[in-house]
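Here is my note on the charged pairs and the nonpolar packing. Please read it with the structure open.

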Amino acid sequence: MNRSDCGSERAGRSPAIGALLMGIMLLAASVVHAARIKDIADIQGVRPNQLVGYGLVVGLNGTGDGNKTIFTVQSLVSMLEKMGVTLNANDIKVKNVAAVMVTAEMPPFARAGTQIDVVVSSIGDAKNLQGGTLIFTPLKAANGKIYAVAQGAISTGGFAASGAGGSVQKNFPTVGRVPSGATIEKEMQAHFNDRDTVRISLRNPDFTTAGRMSDAINAALLEPVAKMSDSATVDIRVPGKYLDNVSGFVTMIENIPVTPDMVSKVVVNERTGTVVIGENVRISTVAIAHGNLSISVKEDAKVSQPMPFSNGQTVVTPDTNVNVKEEKAPIFMMESGATIGDIVRALNALGVSPRDLISIFQALQASGALQAKLEIM
């Protein structure tokens, strides 16, 4: 082989090597922006269950429910009767007991004996649950069955103190938490490993993301087991070698990287002045000018006092001073297809505040120049 042949061979390889490098760079870029399936979707049937119960908190330092909260006294009398103590409700005058609602979240596949946190919320006129103890409270699910029992000391994370002329309070002392305060007594029936199909539900439904997820799963398993059913659902057939290990199959599936797609959107919260602009937001060619107009009115009163023995009267003359100030705002031209970086730089140059930004985006949408959805919270 002579030198000219080697040169022509290298020249023929160069485009192929360039294409390969370009492919690797694009793949690396897509992986960098990818998210795991477990971060953008849920496995159907794998979810927590809400539990709720009614209970009493005792041991409060005079900050419990008053006598006008009838159900607290009735609950106390009923509880004492079950313990063999019979009392007349009219004879009970206590302020160290409070009626509460107890809520908890039972994790998926929780086993009997597992301990979970509970939240305790006053439903009467108690002032403070600090220092109280929640006593034996059964927790029910939506089907009416008892799955856990809660009991324990309450931590409020706040305080309240008052005197004759004032009071001070931090956080909400009428809501507290009992860490590991409930014990699971009954398990939810779940036959996860008996499945031959797995359904994935996207948290933000999108056809493009669902299609990418289906393709990524098929590519990882080297066989067409995943199929997009709609914009929010991907159905997966469990391969034969995983039928006796569905949990292991799901563990592998949920760690597959997928690049999610999303609708271009600008989210505005007028109450807090928060503005969130999506990466793919674009603006058509438009000129923007924004300026503030401020008007201040100051009222003064001038008193005219007559000289002594002049038989004159004291006269009060109003003096109004009106000041109008309007900023001279520059005009910025934005070309079509401007990116989020261009938008931010231009608006920063105008010196706009977050609330001004809200007005500008509303005006851009009204003009038809905003190529995104404007969502106002």
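This is a predicted model: local features need pLDDT of at least 70, side-chain atom pairs count only at pLDDT 80 or more; totals for chains, interfaces and linings use all residues.

1. R111 has a relative accessible area of 46%, so this residue is partly exposed.

2. What does R111 pair with? R111 forms a salt bridge with E187. Their closest N and O atoms are 3.3 Å apart. The pair links distant parts of the chain, 76 residues apart. R111 sits in the loop between β4 (97-106) and β5 (115-122). E187 sits in the loop between β10 (175-184) and β11 (197-202). E187 counts as partly exposed because its relative accessibility is 30%.

3. D117 and R177 make another salt bridge, with the closest N and O atoms 3.7 Å apart. D117 lies in strand β5 and R177 in strand β10, so the pair ties together parts that are 60 residues apart in sequence. D117 has 32% relative accessibility and therefore counts as partly exposed. R177 is partly exposed too, at 41%.

4. D39 and R36 also form a salt bridge. Here the closest N and O atoms are 3.1 Å apart. D39 is at 40% relative accessibility, so it counts as partly exposed. R36 is at 36% and counts as partly exposed as well.

5. How many salt bridges does the structure hold? The count is eight. As background, side chains of opposite charge can pair when their charged atoms come close.

6. Now the nonpolar side. The largest nonpolar core has 26 residues. Which members touch the most others? They are I37, I200, M213, I217, I236 and I253. The elements giving two or more residues to this core are α2 (37-40), β2 (41-43), β11, α4 (207-221), β13 (233-237) and α5 (246-253). Helix α4 gives the most, with five residues. In soluble globular proteins, nonpolar side chains tend to be buried together.

7. Leaving aside neighbours within four places in sequence, I236 is in contact with I200, I217 and I253, among others.

Key:
Residues are numbered from 1 along each chain as its sequence is written. Side-chain values use heavy atoms; hydrogens and water are left out. A salt bridge is a side-chain nitrogen of Lys or Arg within 4 Å of a carboxyl oxygen of Asp or Glu. Buried means under 20% relative accessible area, exposed over 50%, partly exposed in between (1.4 Å probe, protein chains only). Helices (H or I, at least four residues) and strands (E, at least two) are DSSP runs, numbered from the N terminus. A nonpolar core is a set of buried Ala, Val, Leu, Ile, Met, Phe, Trp, Tyr and Cys residues joined through side-chain atoms within 4.5 Å. Contact means heavy atoms within 4.5 Å.
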